[in-house]
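Take a walk through the model below. Keep the coordinates open as you read.

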Amino acid sequence: MRTVTLPAPDDVDAWRDAARGLIAGEVPPDRVVWQVGDASTDLFADPAAPAPRADPTGPALRVSRAFLSLANDAALHHDPERFALLYTMLWRLRDTPKLAEDHADPLVRRLEGLAKAVRRDIHKMRAFLRFRSVEEEGGTRYVAWFEPEHHIVRANAAFFVNRFASMRWSILTPEVSLHWDGAALSQGPGATRGDAPEGDPVEEVWKTYYASIFNPARVKVGAMLKEMPRKYWKNMPETALVPQLLASAQARESGMIATSRTEIGMGIGGNVTAAWEALREEAAGCTRCPLYKPATQTVFGEGPLDAGMMFVGEQPGDQEDLAGHPFVGPAGQVFDRALAAAGITRAETYVTNAVKHFKFEPRGRRRIHAKPDAGEIDACRWWIEQEQMLLRPKVTVALGATAARSLFGRTMTIARERGRAHRLPDGGEAWITVHPSYLLRLPDEAAKEVEYARFVADLKAAHAAVRA
């Protein structure tokens, strides 16, 4: 018997290297014992007989992408037999190269079950992890506590680095802790629940907002518990309200039905208004990225909450930062003129920005606009998602590349994507066009007239989609 000791329970690379060596040495699965660190091993295994190394000059064992994907996920499961199962499958792939595609095979089914559980755990970490702000010497740090079922923390690190690149954060788990300082990721030993903060002032605002948007008519307890098991509730501030909200759901639903006739035709309901006001109040204290420090104030969206069209710009400019209102500077004047030319009134639209704080470079007494980076856009994307969820506009118009990236979560080329409808990740409809400031930057007056006409045509097409 051969013993293979892996340095960590999620070290897929170490398993892969050892498996290659074992295959090269013609060592069958029943002659291998897999263990992690100092975990107990087989009584009859020979710890002095390490796995042979694969000869880099010899023929490589080729496996399908399906197996690689399956192995990368299944190896993160907490099942102590996972590495032995994967090696058994790798051994069989030599004679049956398409084994990974045989979903009726018992071994394949078991490994697929492990991989599915791991992917679900990764999703739960992304969905139910909650950061809480902690003031320390270097500034604000956001700390979260999570208890994964499987060894997914390090494999999930890149997601949080990309999503919260501008924040300084720590994720504490019983197995390992991750720390991001805005430039580099480091890890530390596992922690306990007591090491994480209990709450922060923002949570009270968030609870008010969550209670406002809670819809008793749509409550399905079974489905909710399936997607959000109770084990995650203690990490999420809003779930402390769920039992009370569920208990009053029937009474609230009856009240909604009883008053619905009088509210038809009377505009947006107070429930959405209260939720939007709570959201705006929370955004006023936003510190999700460093842009809040030099900015005068948060510039939140404005307009009727039942607007059929939502316009998303890049960020507030110098005048918007001072006034606290979106699109009131030179670009805003071009925007208003183009709206009128397209037959749209500003009063029927909701106008906001992808980034809520003014990013600039000081030049003497002037503040020169600076383009937001990907981390700042992603940090502010949460606000746009909440605005869209509350308003549910028929059409959302992205004004410029920054707005398009915020809405779609990826880079969109305006020249290629403008002039037609796109489906947003939440299912809504969006149109993409240039930002009004682009028209101001054009040096040639003839080019300005041509591009202004194209801009107005884009607005007309989007407005036609609303009417349709």
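This is a predicted model: local features need pLDDT of at least 70, side-chain atom pairs count only at pLDDT 80 or more; totals for chains, interfaces and linings use all residues.

Residues are numbered from 1 along each chain as its sequence is written, and side-chain values use heavy atoms, with hydrogens and water left out.

Start with the whole chain. There are 17 helices and 14 strands. Both are DSSP runs numbered from the N terminus: helices are H or I with at least four residues, strands are E with at least two. Of the 468 residues, 46% are buried. Buried means under 20% relative accessible area, exposed means over 50%, and partly exposed is in between (1.4 Å probe, protein chains only). The accessible surface comes to about 23600 Å², by the Shrake-Rupley method with a 1.4 Å probe; for residues, only the protein chains shown count as cover. Carbon and sulfur atoms hold 54% of that surface. Now look at contacts, meaning heavy atoms within 4.5 Å. Among those between residues at least 6 apart in sequence, 71% join residues at least 24 apart.

Next, find α14. Seven of its eight residues are buried, so α14 is largely enclosed by the rest of the structure. The buried ones are Thr402, Ala403, Ala404, Arg405, Ser406, Leu407 and Phe408. Their cover includes α13 (374-391) and the strands β8 (309-313), β12 (395-399), β13 (422-423) and β14 (429-433). Just after α14, glycine 409 takes a positive phi of about 75 degrees.

Where is space left empty? Rolling a probe the size of a water molecule over the atoms shows this. The search runs on a 1 Å grid over the protein atoms alone. A cavity is a set of points where a 1.4 Å probe fits but cannot get out; a pocket is an open set with protein on both sides within 12 Å along at least five of seven lines. Lining residues have an atom within 4 Å of a point. Points are joined across faces, edges and corners, and a volume is the space filled by probe spheres set on them.

The second largest pocket has a volume of about 730 Å³. Its lining counts 30 residues, and Ala331, His369, His435, Ser437 and Arg441 lie nearest its centre. Two or more lining residues come from each of α11 (318-323), α12 (330-341), β11 (366-369), α14 (401-408) and α16 (436-441). The lining divides into 13 nonpolar, 10 polar and seven charged residues. Here Ala, Val, Leu, Ile, Met, Phe, Trp, Tyr, Cys and Pro count as nonpolar, Asp, Glu, Lys and Arg as charged, and the others, Gly among them, as polar.

The structure holds one cavity of 30 Å³ or more. Val397, Gly419, Trp431, Ile432, Thr433, Asp458, Leu459 and Ala462 line the largest cavity. Both β14 and α17 (445-467) give two or more residues to that lining.

Finish in the loops. Glutamate 26 lies between α1 (12-24) and β2 (32-36). Its phi is positive, about 55 degrees, although it is not a glycine. Arginine 392 sits in the loop between α13 and β12, with a positive phi near 50 degrees. At 53% relative accessibility, arginine 392 counts as exposed. Glycine 285, in the loop between α10 (270-284) and β8, is partly exposed at 48%.
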